[in-house]
Amino acid sequence: MSVAQDWLDSARERVRVFAQYDGPFEEQADVVVVGSGPCGAVAAYELAAAGKDVVLVEEGPPFTVRDFELDGNLSMTRTMREGGLRMTRGTRMPTMQAIALGGGSLVNSAICVRPPDSVFERWATRFDLERTDRASLDPHFDAISEFLGIAPTPDEVQGPRNLLFRDACRALGLSSEPIARNVRGCRGSGECFTGCRSRAKQSMDVSYVPAALRAGARVMTSLQVQEIRHSGRRATGVSGQVVAPFAHGAAAGAGRRGLSHRFRIDARAVVLAAGCTATPVLLERSGNLANASGQVGENLQFHPGVAIAGVFPEPTDPQFGATQGYQSLAFLDEGFKLETLWAPPPILSIRLPGQGAELVARFGEIPRMAVWDAIASANRSLGRVRARRGSLDPVLDWRLHPDDVTILRRALRVIAELFFAAGAEKILPGVAGLPEVMTDLAQTRRLESDEVRAEGLVMGGNHVFCTTRMHGDPTLGVVDEDGRCHDLDNLYIADTGIFPQCPSVNPMLTGMALARRQARVLADRL
Ligand SMILES: Cc1cc2nc3c(=O)[nH]c(=O)nc-3n(C[C@H](O)[C@H](O)[C@H](O)COP(=O)(O)OP(=O)(O)OC[C@H]3O[C@@H](n4cnc5c(N)ncnc54)[C@H](O)[C@@H]3O)c2cc1C
Ligand code: SF4
């Protein structure tokens, strides 16, 4: 057993789990951090490393390699809220939020990208933020990158389906680069979505959470925070209930089964990092807290993503290769980012056209397939989060703006052109109302036409932001530049909900950098 594995096992033993709660309990701390995703884990570590007494509270359980399910559908029922079947209303789009020690980092593709200067310039001027520029965040990006071993994906673990994308970009004269990821010793198994069984992915449960423990933090899983306790302008702590692991699937009655003992944690400061769809619900359920601006739960934004599958004449060996190994930022100014993508076949099959024998024949093509996607900066497509009656699950209203449909049409056309440039024999565009299969370049024009309608797009939206946005003006935002709620002196928010606008690139690294900055400020104030 390696030293690293030894350490992980001992860290795991120090994480409090469901079976260890045998009655109601109370704790005290300097700071209670709610949520152990990328933002909460970084905040907990930084605060503990600064000598503060920290309790990190997480509703989900810790996962060991034995707990991972390779079958994509089964995996979702264990790792995702509502079994991975959460949907927006208005424009229908699936969106996934994890419930696990490590939050989204356990199931995500480990993509770490710093937004370009232009994103922060826009944030600064439109949202009254003077200190949130790229130069002042760079030291935080650097520290996190070093801690997590963030580096470009090497060619040896790219696999053909990622390298074909590189070649296609070269053929069309577009810039592209290997994706930088928080991994150490990636074997290119393409299984990031169902959990990294070789533990190469530096998800929070194997990186920042053990570091927080090492620095003295207490980590408690299977605790569902239900209320932020407060008095006047001060948060006094949180309270809630112990929940059984895996009681949250779609069939579990919106997470209401498996509830047991109550708990209360009193603290001098509270950091909410429950995620962009959960934090506003917690605030609403706590007496519409921190909402003098009326902005809690408003401004919901996604990176709606579209994808096309291409079938090549030769095998692509798609089960091998980094889940998402290559990207192109060439169209960032036009509003979209291009990436390679892989998912477990049961998940892919949802998107494959045909039924019966035709569908079976499509499965036979999977060994010659690649999937490439685009995520769009859909700044005009807005929505809101509200609490679902009798539950902590959110109702997500969101509508895709016609101008953002135009961005997605353009992205689809570019992806299609890339496939034919790489030598694909056909593509499966997955757009309702258009041919299920396209076999030549001339047909791809239709992807950029008004035949493509919002309701015909098969989208996914796993990057979520802005529901408790940062704004220099207290009447227009929920938190200030340090993540502190304008309305309370010691309540902080540290998840991607504080982004004032979508960051144009994958959000995890930006969320962590902002969390690191604010945790250091908070540590100085305590
Ligand atoms: C399949 C998938 C792939 C992705 N790939 C990438 C990628 O490669 N790169 C990237 O940048 N982004 C990616 N993302 C998005 C990224 O994972 C999220 O933006 C990121 O995890 C957000 O971090 P967070 O800390 O704000 O919230 P989360 O990661 O959502 O963490 C919030 C945590 O709070 C816990 N929590 C919620 N409510 C409560 C409560 N009431 N009590 C106690 N605990 C609670 C949750 O269980 C969760 O663990 C992906 C997302 C998904 C779903
Ligand atoms: S591609 Fe495989 S080995 Fe690499 S980080 Fe993802 S799950 Fe782990």
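A residue is taken as near a molecule or strand if its C-beta atom, placed from the backbone, lies within 6 Å of it. The model is predicted, and local features need pLDDT of at least 70, side-chain atom pairs count only at pLDDT 80 or more, and totals for chains, interfaces and linings use all residues. Residues are numbered from 1 along each chain as its sequence is written, and chains are lettered from A and ligands numbered from 1 in the order in which they are written.

Ligand 2 has 15 residues around it, of which C186, S189, C192, C196 and K201 come nearest. Seven residues of this shell are nonpolar, five polar and three charged (nonpolar: Ala, Val, Leu, Ile, Met, Phe, Trp, Tyr, Cys and Pro; charged: Asp, Glu, Lys and Arg; polar: the others, Gly among them). Ligand 2 lies between domain 1 (3-149 + 194-300 + 462-525) and domain 2 (152-183 + 305-380 + 401-456), because both give residues to its shell. The domain bounds come from an automatic or database domain assignment.

Helices (H or I, at least four residues) and strands (E, at least two) are DSSP runs, numbered from the N terminus.

An open sheet of three strands has the order 3-17-16, with mixed pairing. Strand 3 (89-90) and strand 16 (383-387) stand at the edges; each has a single partner strand, so one side of each lacks a neighbour in the sheet. Two strands pair if DSSP finds at least two bridges between them. Strand 3 and strand 17 (residues 394-398) run parallel and are joined by two bridges. R89 has D397 of strand 17 as its bridge partner.
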